[in-house]
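Please read the numbered points alongside the display.

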Amino acid sequence: MTMEEMSIASGINSEFDSGSEDSQDKAGEDPRDLQITKLLNEVDFLKAKLSNAKVDIRKSAMASAIELPALKIQVETLEDELMEVEEIKKENETLLKELEEAKADALSAKQAALQMS
């Protein structure tokens, strides 16, 4: 809340409080007029609160707007890394199969060499 907003809110609060004191001093006034005055003061106070809430929402939205592009970039980077990891896994599986085949070929060659001797 900015200083200007705080002073507006405190001014409205003091008006609201002084309005209730005035109503006690004026015994001859219509009670409906007093109630209307109180309600108008309360409306002004609530308007100030609403204005402050709007400012807070704008600040939050601006912060989110700043964070969102950075998060999108981070997500894209992580997706790229994930794709690389999946490719490496596939290559690894292929290499493991080739290694098993090479071991089987070596074992067959060794057994054939033993049978020939």
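1. Is arginine 32 buried or exposed? Arginine 32 is exposed, because its relative accessible area is 57% and the cut-off for that class is over 50%. Please bear in mind that the model is predicted.

2. The side chain of arginine 32 forms a salt bridge with that of aspartate 30, at 3.3 Å from N to O. Aspartate 30 is partly exposed, with a relative accessible area of 29%. The count of salt bridges comes to one.

3. As to the overall fold, the protein chain holds two helices and zero strands. Helix α2 comprises residues 31–116. At 1.5 Å a residue, its 86 residues should span 128 Å, and the C-alpha atoms at the ends of α2 lie 121 Å apart, which agrees.

4. Burial is recorded for 9% of the 117 residues of the protein chain. Within α2, the buried residues include Leu34, Asn41, Ala48, Asn52 and Val55. The protein chain exposes about 10100 Å², of which carbon and sulfur atoms supply 60%.

5. A patch of negative charge on the surface brings together Glu76, Glu79, Asp80, Glu81, Glu84, Glu86, Glu87 and Glu91. One of these, glutamate 84, belongs to helix α2. Glutamate 84 is partly exposed, its relative accessible area being 49%; this value qualifies it for the patch, because membership requires over 30%.

How values were computed
Residues numbered from 1 in each chain as written. Predicted model: local features only at pLDDT ≥ 70, side-chain atom pairs only at ≥ 80, totals over all residues. Heavy atoms only, no water. Helix = DSSP H or I, 4+ residues; strand = E, 2+ residues; numbered from the N terminus. Buried < 20%, exposed > 50% of the residue type's maximum accessible area, 1.4 Å probe, protein only. Areas by Shrake-Rupley, 256 points an atom, 1.4 Å probe, with all protein chains shown as cover. Patch = residues over 30% accessible without salt bridge, like charges linked within 9 Å, V, L, I, M, F, W, Y side chains within 5 Å. Salt bridge = Lys/Arg side-chain N within 4 Å of Asp/Glu carboxyl O. Lys, Arg positive; Asp, Glu negative; His and termini not counted. Charge placed at Lys NZ, Arg CZ, Asp CG, Glu CD. Expected span 1.5 Å × (residues − 1).
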